Amino acid sequence: MNLPNKLTVMRICLVPVIVIVFLAMDPTQNVIEPVSGLCRRDVIVFLLFGIASLTDLLDGKIARSRNLITTFGKFADPIADKMLVNTMLILMVYTHQVNVVAAWIMISRDLVVDGLRMVASQHGRVVSAGIYGKMKTVLQMCALIFLILRNWPFAYLGLPIDQILLWAATVMSAYSGYVYFMKLRKYVLESM
């Protein structure tokens with residue numbers, strides 16, 4: 001197993017660790033910053049999420065630069081990404097930090113796009129991430145960082161940057177899903 005694949009597996013393994021820490025630690029204990037409610041649990045989850053996100057950045061760069069692209073990597077990397085992001089969205093819905101509609105739109109978009117890619121691949125077409133999909137990912141990651149950190153430091157100013165980024169990610173998610181569907185609809189609709 002090469003280094004990029006080890007990083008992908010590490011990201012997958014970090015997801016249940018994040019869930020356990022998030023659910024096992026009491027957010028009302030060890031409050032670090034009283035205005036936002038930031039606590040020790042949030043900082044630990046932020047660090048774990050940061051490490052997992054860093055593995056996502058590194059595995060692709062290393063795989064491309066060293067020509068270590070494998071079938072396992074092509075399969076596991078997008079699954080690891082979606083496990084990380086969608087798990088965090090679900091945890092944030094659980095704590096009422098994320099609106100269930102926003103999470104539903106983003107998770108549904110991922111399922112639809114994955115289905116479209118699968119159908120397109122059966123027709124010999126490989127679909128890489130487009131610019132809107134990449135923008136969606138960046139917005140999601142930024143939103144999740146501020147959500148995990150309870151909008152710190154913007155909570156001091158009363159600016160809901162976490163929610164603004166969340167809804168921007170939701171809109172971009174829906175739009176990028178629409179773009180993928182329009183690009184690949186012929187593969188899905190041909191047998192109707």
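Is cysteine 142 buried, exposed or partly exposed? Cysteine 142 is partly exposed, with a relative accessible area of 31%. The views below come from a predicted model.

View 1. Cysteine 142 has a relative accessible area of 31% and is partly exposed. Cysteine 39 is buried, at 0% relative accessibility. How many disulfides does a search of the whole structure find? The search finds zero.

**View 2. The largest nonpolar core has 29 residues.** Met88, Leu89, Met92, Val98, Leu144 and Leu166 have the most contacts inside this core. A second, separate core has seven residues. Among them are Leu116, Val127, Tyr180 and Tyr187.

**View 3. Leucine 89 and its contacts.** Leucine 89 is one of the residues with the most contacts inside the largest core. Which residues does leucine 89 touch, leaving aside its neighbours within four places in sequence? Leucine 89 is in contact with Val98, Ala103, Met106, Ile107, Gln140, Leu144 and Leu166.

**View 4. Asparagine 86 in helix H3.** Asparagine 86 counts as buried, at 12% relative accessibility. The cut-off for buried is under 20%. Leaving aside neighbours within four places in sequence, asparagine 86 is in contact with Ile107 and Asp110.

View 5. The patch covers about 780 Å². Ile131, Tyr132, Met135, Tyr175, Tyr178, Phe181, Met182, Val188 and Leu189 make it. H5 and H6 are the elements that give two or more residues to the patch. Which element gives the largest share? H6 does, with six residues. Isoleucine 131 is a patch member in helix H5. Isoleucine 131 is exposed, because its relative accessible area is 55% and exposed means over 50%.

**View 6. Arginine 11 and two salt bridges.** Side chains of opposite charge can pair when their charged atoms come close. Arginine 11 forms a salt bridge with aspartate 56, and the closest N and O atoms are 3.7 Å apart. This pair links distant parts of the chain: arginine 11 is in helix H1, aspartate 56 is in helix H2, and 45 residues separate them. Both aspartate 56 and arginine 11 are buried. Arginine 11 also forms a salt bridge with aspartate 81, with the closest N and O atoms 3.0 Å apart. Aspartate 81 lies in helix H3, so this pair ties together parts that are 70 residues apart in sequence. Arginine 11 has a relative accessible area of 0%. Aspartate 81 counts as partly exposed, at 22%. A network of salt bridges links Arg11, Asp56, Asp59, Asp77 and Asp81.

**View 7. Lysine 82 meets aspartate 114.** The two side chains form a salt bridge, at 3.7 Å from N to O. Lysine 82 is in helix H3 and aspartate 114 is in helix H4, 32 residues apart. Lysine 82 counts as buried, at 19% relative accessibility. Aspartate 114 counts as partly exposed, at 30%. How many salt bridges does a search of the whole structure find? The search finds nine.

**View 8. Proline 27 beside cysteine 39.** Proline 27 is found in the loop between H1 and strand S1 (31-33). Proline 27 is partly exposed, with a relative accessible area of 28%. Proline 27 and cysteine 39 are 12 residues apart along the chain, and their C-alpha atoms are separated by 6.0 Å. Leaving aside neighbours within four places in sequence, proline 27 is in contact with Cys39, Arg41 and Arg150.

**View 9. Backbone angles in two loops.** Most residues other than glycine have a negative phi, and most peptide bonds are trans. Asparagine 30 has a positive phi of about 60°. Asparagine 30 is found in the loop between H1 and S1 and counts as partly exposed, at 41%. Asparagine 151 has a positive phi of about 65°. Asparagine 151 is found in the loop between H5 and H6 and counts as buried, at 7%. Proline 153 has its place in the loop between H5 and H6. A cis peptide bond joins tryptophan 152 and proline 153, with omega about 5°.

How values were computed: Residues are numbered from 1 along each chain as its sequence is written. This is a predicted model: local features need pLDDT of at least 70, side-chain atom pairs count only at pLDDT 80 or more; totals for chains, interfaces and linings use all residues. Side-chain values use heavy atoms; hydrogens and water are left out. A nonpolar core is a set of buried Ala, Val, Leu, Ile, Met, Phe, Trp, Tyr and Cys residues joined through side-chain atoms within 4.5 Å. Buried means under 20% relative accessible area, exposed over 50%, partly exposed in between (1.4 Å probe, protein chains only). Contact means heavy atoms within 4.5 Å. Patches are made of residues with over 30% relative accessible area and no salt bridge: like charges are joined within 9 Å, nonpolar side chains (Val, Leu, Ile, Met, Phe, Trp, Tyr) within 5 Å. Accessible areas come from the Shrake-Rupley method with a 1.4 Å probe; for residues, only the protein chains shown count as cover. A salt bridge is a side-chain nitrogen of Lys or Arg within 4 Å of a carboxyl oxygen of Asp or Glu. Helices (H or I, at least four residues) and strands (E, at least two) are DSSP runs, numbered from the N terminus. A disulfide is a pair of cysteine sulfur atoms within 2.5 Å.
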